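Student: I would like to go through the ligand surroundings in this model. Could we start as soon as it is displayed?

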Number of protein chains: 4
Amino acid sequence: MKQHYEVVVIGGGIIGCSIAYYLAKEKVDVALFEKGQIGLMTTSAAAGMLGAHSESNGEDTIFSFARSSQQAYLRLKDELYQLSGIDIGYKEGGILKLVFSDTDKHQLTPLLKQPTAEWLDKEEVKKREPLIAPNILGAAYIKDDVSVIPDQTCESFAKSARALGASIMESNGVYQVEKKDGNYLVRTMHGDVEANYVVFATGVYGNGLFRQIGLDEELIPIKGESLIVHSEQHVLEYTLFHESCYIVPRNNGKLVIGATMIKKDWSDTVSLEGIKFLIEKAKAMIPSAIEWKIDHVQAGLRPGTFDGNPFIGRHPEEERILIACGHYRNGILLAPATGEMIRDFVVGKDINNGWMQTFRVDRRQSIVV
Amino acid sequence: MKQHYEVVVIGGGIIGCSIAYYLAKEKVDVALFEKGQIGLMTTSAAAGMLGAHSESNGEDTIFSFARSSQQAYLRLKDELYQLSGIDIGYKEGGILKLVFSDTDKHQLTPLLKQPTAEWLDKEEVKKREPLIAPNILGAAYIKDDVSVIPDQTCESFAKSARALGASIMESNGVYQVEKKDGNYLVRTMHGDVEANYVVFATGVYGNGLFRQIGLDEELIPIKGESLIVHSEQHVLEYTLFHESCYIVPRNNGKLVIGATMIKKDWSDTVSLEGIKFLIEKAKAMIPSAIEWKIDHVQAGLRPGTFDGNPFIGRHPEEERILIACGHYRNGILLAPATGEMIRDFVVGKDINNGWMQTFRVDRRQSIVV
Amino acid sequence: MKQHYEVVVIGGGIIGCSIAYYLAKEKVDVALFEKGQIGLMTTSAAAGMLGAHSESNGEDTIFSFARSSQQAYLRLKDELYQLSGIDIGYKEGGILKLVFSDTDKHQLTPLLKQPTAEWLDKEEVKKREPLIAPNILGAAYIKDDVSVIPDQTCESFAKSARALGASIMESNGVYQVEKKDGNYLVRTMHGDVEANYVVFATGVYGNGLFRQIGLDEELIPIKGESLIVHSEQHVLEYTLFHESCYIVPRNNGKLVIGATMIKKDWSDTVSLEGIKFLIEKAKAMIPSAIEWKIDHVQAGLRPGTFDGNPFIGRHPEEERILIACGHYRNGILLAPATGEMIRDFVVGKDINNGWMQTFRVDRRQSIVV
Amino acid sequence: MKQHYEVVVIGGGIIGCSIAYYLAKEKVDVALFEKGQIGLMTTSAAAGMLGAHSESNGEDTIFSFARSSQQAYLRLKDELYQLSGIDIGYKEGGILKLVFSDTDKHQLTPLLKQPTAEWLDKEEVKKREPLIAPNILGAAYIKDDVSVIPDQTCESFAKSARALGASIMESNGVYQVEKKDGNYLVRTMHGDVEANYVVFATGVYGNGLFRQIGLDEELIPIKGESLIVHSEQHVLEYTLFHESCYIVPRNNGKLVIGATMIKKDWSDTVSLEGIKFLIEKAKAMIPSAIEWKIDHVQAGLRPGTFDGNPFIGRHPEEERILIACGHYRNGILLAPATGEMIRDFVVGKDINNGWMQTFRVDRRQSIVV
Ligand SMILES: Cc1cc2nc3c(=O)[nH]c(=O)nc-3n(C[C@H](O)[C@H](O)[C@H](O)COP(=O)(O)OP(=O)(O)OC[C@H]3O[C@@H](n4cnc5c(N)ncnc54)[C@H](O)[C@@H]3O)c2cc1C
Ligand SMILES: Cc1cc2nc3c(=O)[nH]c(=O)nc-3n(C[C@H](O)[C@H](O)[C@H](O)COP(=O)(O)OP(=O)(O)OC[C@H]3O[C@@H](n4cnc5c(N)ncnc54)[C@H](O)[C@@H]3O)c2cc1C
Ligand SMILES: Cc1cc2nc3c(=O)[nH]c(=O)nc-3n(C[C@H](O)[C@H](O)[C@H](O)COP(=O)(O)OP(=O)(O)OC[C@H]3O[C@@H](n4cnc5c(N)ncnc54)[C@H](O)[C@@H]3O)c2cc1C
Ligand SMILES: Cc1cc2nc3c(=O)[nH]c(=O)nc-3n(C[C@H](O)[C@H](O)[C@H](O)COP(=O)(O)OP(=O)(O)OC[C@H]3O[C@@H](n4cnc5c(N)ncnc54)[C@H](O)[C@@H]3O)c2cc1C
């Protein structure tokens, strides 16, 4: 292990790995420390939707950020494969936001104003997805909201970053960050290193370090449970989405049914209640889902923040401590744009002002004022 | 592999292994051939209840057979541990057959006439199992209906049989049995052997061989799916039973929630429908079961017969071909008595006449006449 | 289930699924019966190399057959993805047949005469694979010997066949095939069907049925054990091959180290001996392989024949019974060409005469004469 | 969650659970906080030997402590089963410390002076374990060094503690301990509680908290990898031990081959190198071990200290902060005695002075002086 790096990234989930990748591409001397294994925490539990539209209504700042990130994946899928030999599981088709009631329909009004969203009536939905529940009324179709396989994507970022010169170290947690001679001393299980910049990409797991560096914000876990299933039939062309639950068909033949939302639960077990809920949701979308076979179950902790938006930006008092946490339901989608934004902070490029304001770390205090 | 054995047993589930054990104890020269691994088919999917009462009403012939088998386990648990070093997971406590309605109660009337069954009123049930559903009306308590861990019990039979001199061969299927010079020629994947007696302990998987040896009976699969779960709390003292579903607490800390009944399904996958059904059944017995955590799911094929009773006895035309198949929901319970009965056919001891008539292989034809 | 099909395929490994696919493409009315699940037997244990050159020396008939099959995959990868939504894991790069001794080198002489094989000297090999063992002398490089992920490929064939109209039934074994009124009666666990043609794609598992239909050939299992591993680093660009062992990097980030060759072993367990052997082989190719982490182990039974070539062709006496078994080490590679050849028997297209002679089912008898 | 407990135990491995159990037995108001799940860290990776003799030479203080702990298990096995319904997997038989060389023999000299150890010559060892390597020279036999199943034992302690009134909370990590009004404020992920006593039973994972409470000691991970295997045969009566590796037969039919010793490695992956080493060690003891079949692999981090002995005792400056960490290779063995000792600190009973001195937390400083 070297004794000095220009940038140290703490955390090897998809956010940290994307950051390391974009920095390495700029030939920045970057090291990433992951206390466990790359991509095995929240990232590995994600469904992998790049739901720029499906998770928002196309109106807020985060939408433009999400769209930019979604588009980045178009280039990344080949770029990362070239560098790492790993397929990110990019699966075209897009998403259907299903409408079973007037309320459902009403909620889609703003989204349907977007040029990228298209209204499909009942018949059209049935034609595209013949197994859909008969009480379907229609759907918003967003072709661009495709999906990837999260753990493969994360690993691909990490190996590509390595190929470009980044140092990626697993099983090496950071337990302290302190100032030293104008730089930062990063204390890890395998020794201390110095860095000009430190990036916190610790997902929901960073509260302890946050306190150390005087940050008054807290990440809140929102646990999500999912089922990984398969079917003899080729059952779905599109991702289906309804009331924050979904069925995602993957390019390896599996389907993901997700996900529960359990606040402040730090466990990663899967309860019978969660399973029952997910089966009922899947059945409401596709009645014959009840015949699908289970492969396994999984759970992960979404990193939530007080307002649902991630923290991406500078520590209020330490401008070379950068934060990139709290991506909640959308970290897979937002990884490329987050990586680019952190890179821009480091290399000093211009950054979209709306994004800076929306994601700044001390926005709660500002609101109060 | 020797060229001749006195007895060849086909099938290494709990029935075949028990038979090999009881024969080896009598110093009979016995070989068992299992096409896969010992105990990995139906046996490994069982819950392990020794439900002599819970699965019958205490009135039929099978009840006396079941009771005799249940009692055999009292000695076996130490005997098998001494010989094999394997604990069969014998767990005392007994079973509560729950009553939630007058119909439930009514169905228990014959059972409650047995001296081994005891009526517990609502309060007593609540005292013994505080987590029970509040709409409980009472329960029949059968102390003797304890449980074991099926795969460990089966392996213990097999290794004990080996310790006593039996030859047990895995990954060696039998594909043909034919007559030769007054004996039987048993053709296996690893060569032919001769035997004076051949025992079919093939569970539900013997229909092909049955046809070869001119047997007109068919085993019918009744698939059962279960959930293996755990809880932070010590939640259950007793096995709970209601409408052919149950929750069995094991001595390794796991709970088994079982089981569905799907006729003529030869698959061993677990469907979302089955899982949902089991969660609902468990919740009806223990509302807080919904909080339990899943470990894994499993499925197996109960070997059913036309009348629900096993075939244990001689081939109608070949008296040294013995059949021991079709133990349906009770093969774990009935393994010792079946082993003893087959041993008695071989060594020529007296056999209870009621059992012989009830389990004889050609009983369907007799009925018709 | 319909009562009549034009073609019934028995067996849903990669061979049966490819056959069903090519027949369905020609709008032939085809049903496939699989006793377990699609692709879970030998197929799921394969490494997935399309080793047209690596498994032969480029001189025999099988080479032209293998090359034609390999090229078919170039089209199939997109075709199958369109129809099934499943990625077959096609990974470019090619293979290095490593040379550590003069004997190694000598054995490659015929191969190196092929225009598709290229000699790389020591330095070039080191440049391409920096982790290679230092005692490397050179390698034959075959760009066309790429790889796929076998279970995904098989499932993709099955779902694509279904999309084109084939009936694919799992958990439904065939236990008898007999003649009836000029057609064949195929008896399955879920009832009888008639067919004009029956295709045996039963892998190594068809000996019982072979006897029934009067075929005097036997499939011989050659068990192969493998390790599935991963590494923090992106360690390999190419498949490495030496003395019938290999390391295959997959596009999902895993590496496969294979495989042992154990004759006449019908088990699918993995022994400590096998594991040790594979670790030593991997280490001999890549010394730092010793640091790789294990994910899981697997084993499968290669379907061997008396001369190492598959049986693809007509039953000697029943011209509408077709055989497609015995693909030994190369069933993944040979699946497309086998599917096309069986299709041609059914629809009556011309078939390469060399292939017909090499793969005919009764070639042993002919040799004897 | 209550706001005040008399004792808070941090960590739900076997040490913490044993402490909670012994405190609850004394009716002390105790809560235990575990950040993950009970017993899933180092404890679940242990082999489970109660090797009072096998891990020492019978001469040091730790030997008397270990013996007392070993004897406690004789009572505990029934006590815990009564309270929790969980079998701890206590398996009699004892251990053979194998001698293959003069050096081996020489090292056993002190041990063989113990009345509990018995010398077995070559023939006797062969008689007891017929599969032993032919170059065996003899063995020290210790009947009392039996084994348990670690995860079941730990869970049994936890559920028994609960049955006696302890509060055991999973998925609830402690991130800070500070003084408050003469008591301690324990800050957990689910809120703050106060306690009169705080016990650190954090295994190797407590270094961060140690620093917070001003403790200058560090736990050092010594990673150990193992193989869980099975055999068709009943292969072993005794635990075999040689050069810190071993084969432990369990009462569930599995065998554990352990374990590597890798210092300062914080990962829990299993490398090919580790697997190869273990296979070679097993083969050296039992040549036919090479035929055993693998079930799975596992790894865990032994909590090491500067001198190899655990820290059990008071914080040097805070007498109501108690430490119980660093049980290295023997935490399963030492759990009962540790639980009793911590209980005695809390309830104010006399404690063996030798043990107090050997295990005191500030002994390094004392040595220096
Ligand atoms: C059920 C579910 C479904 C989801 N579906 C989607 C989806 O479809 N689309 C989408 O875009 N998002 C989805 N998400 C959200 C997405 O998973 C998260 O937003 C994303 O994974 C967050 O990535 P991360 O890198 O911030 O966190 P993580 O993946 O948790 O990575 C943080 C890493 O930091 C490491 N770490 C923490 N502290 C330290 C330290 N001190 N030293 C060293 N390392 C440390 C951790 O070990 C961890 O590996 C889903 C989430 C869940 C739970
Ligand atoms: C969900 C479920 C719950 C259950 N719960 C209970 C319970 O609580 N209590 C109870 O008593 N019972 C229970 N049962 C029933 C019990 O599991 C069965 O009755 C019992 O396992 C049957 O044992 P077997 O040996 O006949 O069959 P199997 O265990 O299926 O063994 C038959 C063996 O024969 C082998 N074989 C077949 N053909 C050949 C051949 N040609 N050559 C070589 N080998 C061959 C097979 O590979 C197989 O291993 C349950 C069953 C299920 C599915
Ligand atoms: C370790 C290993 C590595 C390998 N690596 C490669 C490689 O890199 N490249 C390559 O090309 N090949 C490889 N192979 C070889 C390849 O796996 C096989 O040649 C191929 O899978 C054979 O396919 P199959 O469809 O004939 O057999 P299977 O996959 O075994 O399919 C046969 C199917 O028939 C079913 N069946 C049998 N009898 C009946 C019945 N009566 N009724 C209904 N269904 C029935 C079975 O259940 C089974 O699913 C490897 C094999 C092994 C073991
Ligand atoms: C391969 C191997 C073989 C072994 N074999 C044996 C053997 O045969 N016999 C034997 O006696 N010993 C054996 N051991 C040693 C034994 O496993 C350990 O000594 C013992 O498990 C230590 O127990 P523990 O409770 O201290 O630690 P752990 O089991 O690691 O428990 C500590 C717990 O504290 C929790 N924790 C940590 N920090 C916090 C926090 N801040 N808040 C809440 N919870 C926290 C952790 O999550 C963890 O669950 C073996 C070990 C290994 C690795």
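Student: Which oxygen contact does the backbone of D:Gly48 make?
Tutor: In this predicted model, a backbone N or O atom of D:Gly48 lies 3.0 Å from an oxygen atom of ligand 4. That is a polar contact, defined as a pair of N or O atoms within 3.5 Å; within protein, one must be able to donate a hydrogen and the other to accept it, and residues adjacent in sequence count only if both atoms are side-chain atoms.

Student: What about the backbones of D:Gly13 and D:Asn330?
Tutor: For D:Gly13, a backbone N or O atom is 3.4 Å from an oxygen atom of ligand 4. A polar backbone atom of D:Asn330 is 3.3 Å from an oxygen atom of ligand 4.

Student: How much of the accessible area of ligand 4 does the protein cover?
Tutor: The protein covers 98% of the 1000 Å² that ligand 4 has on its own. Accessible areas come from the Shrake-Rupley method with a 1.4 Å probe; for residues, only the protein chains shown count as cover.

Student: How many residues surround ligand 4, and which are the closest?
Tutor: There are 38, and the closest are D:Glu34, D:Thr43, D:Met49, D:Arg329 and D:Leu333. A residue is near a molecule if one of its heavy atoms lies within 4 Å of it.

Student: How do they divide by class?
Tutor: The shell has 19 nonpolar, 15 polar and four charged residues. Ala, Val, Leu, Ile, Met, Phe, Trp, Tyr, Cys and Pro count as nonpolar, Asp, Glu, Lys and Arg as charged, and the others, Gly among them, as polar.

Student: Turning to ligand 3, which residues are the closest?
Tutor: The closest are C:Glu34, C:Thr43, C:Val174, C:Arg329 and C:Leu333, among 38 that surround ligand 3.

Student: Which distance does the side chain of C:Glu34 give?
Tutor: An N or O atom in that side chain is 2.6 Å from an oxygen atom of ligand 3. From the backbone, C:Ile332 places an N or O atom 2.9 Å from an oxygen atom of ligand 3. The protein covers 98% of the 1000 Å² of accessible area that ligand 3 has on its own.

How values were computed: Residues numbered from 1 in each chain as written. Chains lettered and ligands numbered in written order. Predicted model: local features only at pLDDT ≥ 70, side-chain atom pairs only at ≥ 80, totals over all residues. Heavy atoms only, no water.
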